[in-house]
Amino acid sequence: MADQSIVGALVLGLIEGLTEFIPVSSTAHVLLAGHFMGFRSPGNTFAVLIQLGAILAILLVYFQKLLQIALDLPHSTQARRFVLTVLLAFLPAAIIGALAHDFIKSVLFETPMLICVMLIVGGFILLAVDKMSLRPRYTDITQYPAGLAFKIGLFQCLAMIPGTSRSGATIVGALLMGTDKRSAAEFSFFLAMPTMLGAFVLDLYKNRNALSFDDAGIIAIGFVAAFVTALFVVRSLLDFVSTRGFAPFAYWRILVGTAGLIGLLVFG
């Protein structure tokens with residue numbers, strides 16, 4: 001394992017964990033950083049597989065709540081209803097992701113210019129929505145109607161274009177349909193669990209023959225880094241967006257997207 005690869009995996013893992021659950025597009029950050037660092041993995045699999053670290057971080061943070069939901073399922077209508085809403089929200093991405101996987105990985109993931117443009121466009125959209133005077137009708141994720149959850153899931157499908165941001169798309173969709181900022185971010189957390197796990201399993205299966213023992217070591221380094229940093233983000237994000245909103249993330253997207261475009265034009 002080359003030292004350069006180890007450092008690259010560590011840096012990209014840190015970036016993944018810091019950006020996965022905030023609306024800035026972790027995939028865009030990992031792919032752009034990897035592009036300029038010259039870091040490559042078979043089929044761009046590294047960017048997806050290290051998400052397992054972020055998945056485990058959110059499972060750890062919400063372990064007690066998830067355990068309570070599981071225990072309540074046999075006798076609680078509310079618990080069953082909440083699980084159903086999350087699964088309904090996950091359904092569109094599961095179907096479209098499975099059908100369009102090869103195109104997404106071989107074309108969209110290989111287009112840095114598109115990633116930068118989507119970062120900028122998404123930043124302006126997030127900024128506009130954050131400044132709207134919206135009156136929330138839904139503040140408790142366990143009370144989200146099934147129809148609302150499904151529509152949020154449709155918004156999540158936009159994130160298959162790298163640079164859009166999975167959390168950004170779901171949060172914007174939720175806000176436009178009447179949720180408050182805190183519950184929109186929290187529902188995005190719960191929706192991330194099946195979505196990211198599904199993407200991880202599918203990508204691992206698709207690239208099972210392209211990965212080697214050396215790849216496993218690099219992925220493990222990125223996984224651990226992503227887990228530690230994602231743990232910090234998940235524990236602090238809800239309080240942050242409740243008081244500061246999403247404008248700081250919008251400005252960051254625009255800054256990174258612009259810097260990326262300049263870097264591509266200057267360095268290629």
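**Close-up 1. Lysine 65 and its partner glutamate 186.** In this predicted model, lysine 65 has a relative accessible area of 34% and is therefore partly exposed. Its side chain forms a salt bridge with glutamate 186, in which the closest N and O atoms are 3.3 Å apart. Because lysine 65 belongs to helix α5 (residues 63–72) and glutamate 186 to helix α10 (residues 181–206), the pair ties together parts that are 121 residues apart in sequence. Glutamate 186, for its part, counts as buried, because its relative accessibility is 14%, and buried here means under 20%.

**Close-up 2. Aspartate 130 and lysine 181.** The structure holds four salt bridges, and one of them joins aspartate 130 to lysine 181, with the closest N and O atoms 3.0 Å apart. Aspartate 130 lies in helix α7 and lysine 181 in helix α10, so this pair ties together parts separated by 51 residues in sequence. With a relative accessible area of 12%, aspartate 130 is buried, whereas lysine 181, with 28%, is partly exposed.

**Close-up 3. Arginine 166 and glutamate 20.** A salt bridge also brings together the side chains of arginine 166 and glutamate 20, at 4.0 Å from N to O. Arginine 166 is part of helix α9 (residues 166–176), while glutamate 20 sits in the loop between α1 (3–19) and α2, so the pair ties together parts that are 146 residues apart in sequence. Both arginine 166 and glutamate 20 are buried. Side chains of opposite charge can pair when their charged atoms come close.

**Close-up 4. Helix α2 and the glycine that follows.** Helix α2 covers residues 26–37, and its twelve residues should span 16 Å at 1.5 Å a residue, which agrees with the 16 Å between its end C-alpha atoms. The helix is mostly covered, with nine of its twelve residues buried; among them are Ser26, His29, Leu31, Leu32 and Gly34. After α2 comes glycine 38, which has a positive phi, near 75°.

**Close-up 5. The nonpolar cores.** The largest nonpolar core has 46 residues, of which Phe21, Tyr62, Ile152, Phe187, Phe189, Phe190 and Phe249 touch the most other members. The elements that give two or more residues to this core include α4 (51–61), α6 (77–106), α8 (146–156) and α11 (213–244), and the largest share, nine residues, comes from α10. Leaving aside its neighbours within four places in sequence, phenylalanine 189 is in contact with Phe21, Ile58, Tyr62, Val234, Leu237 and Leu238. In soluble globular proteins, nonpolar side chains tend to be buried together.

**Close-up 6. A nonpolar patch on the surface.** Phe36, Met113, Val117, Val121, Ile125, Ile262, Leu265, Val266 and Phe267 form a nonpolar patch on the surface, and together they have about 890 Å² of accessible area. Two or more residues of the patch are given by each of the elements α7 (112–131) and α12 (247–267). Methionine 113, one of the patch residues, has its place in helix α7 and counts as partly exposed, because its relative accessibility is 37%.

How values were computed. Residues numbered from 1 in each chain as written. Predicted model: local features only at pLDDT ≥ 70, side-chain atom pairs only at ≥ 80, totals over all residues. Heavy atoms only, no water. Patch = residues over 30% accessible without salt bridge, like charges linked within 9 Å, V, L, I, M, F, W, Y side chains within 5 Å. Areas by Shrake-Rupley, 256 points an atom, 1.4 Å probe, with all protein chains shown as cover. Helix = DSSP H or I, 4+ residues; strand = E, 2+ residues; numbered from the N terminus. Buried < 20%, exposed > 50% of the residue type's maximum accessible area, 1.4 Å probe, protein only. Expected span 1.5 Å × (residues − 1). Core = buried A, V, L, I, M, F, W, Y, C linked by side-chain atoms within 4.5 Å. Contact = heavy atoms within 4.5 Å.
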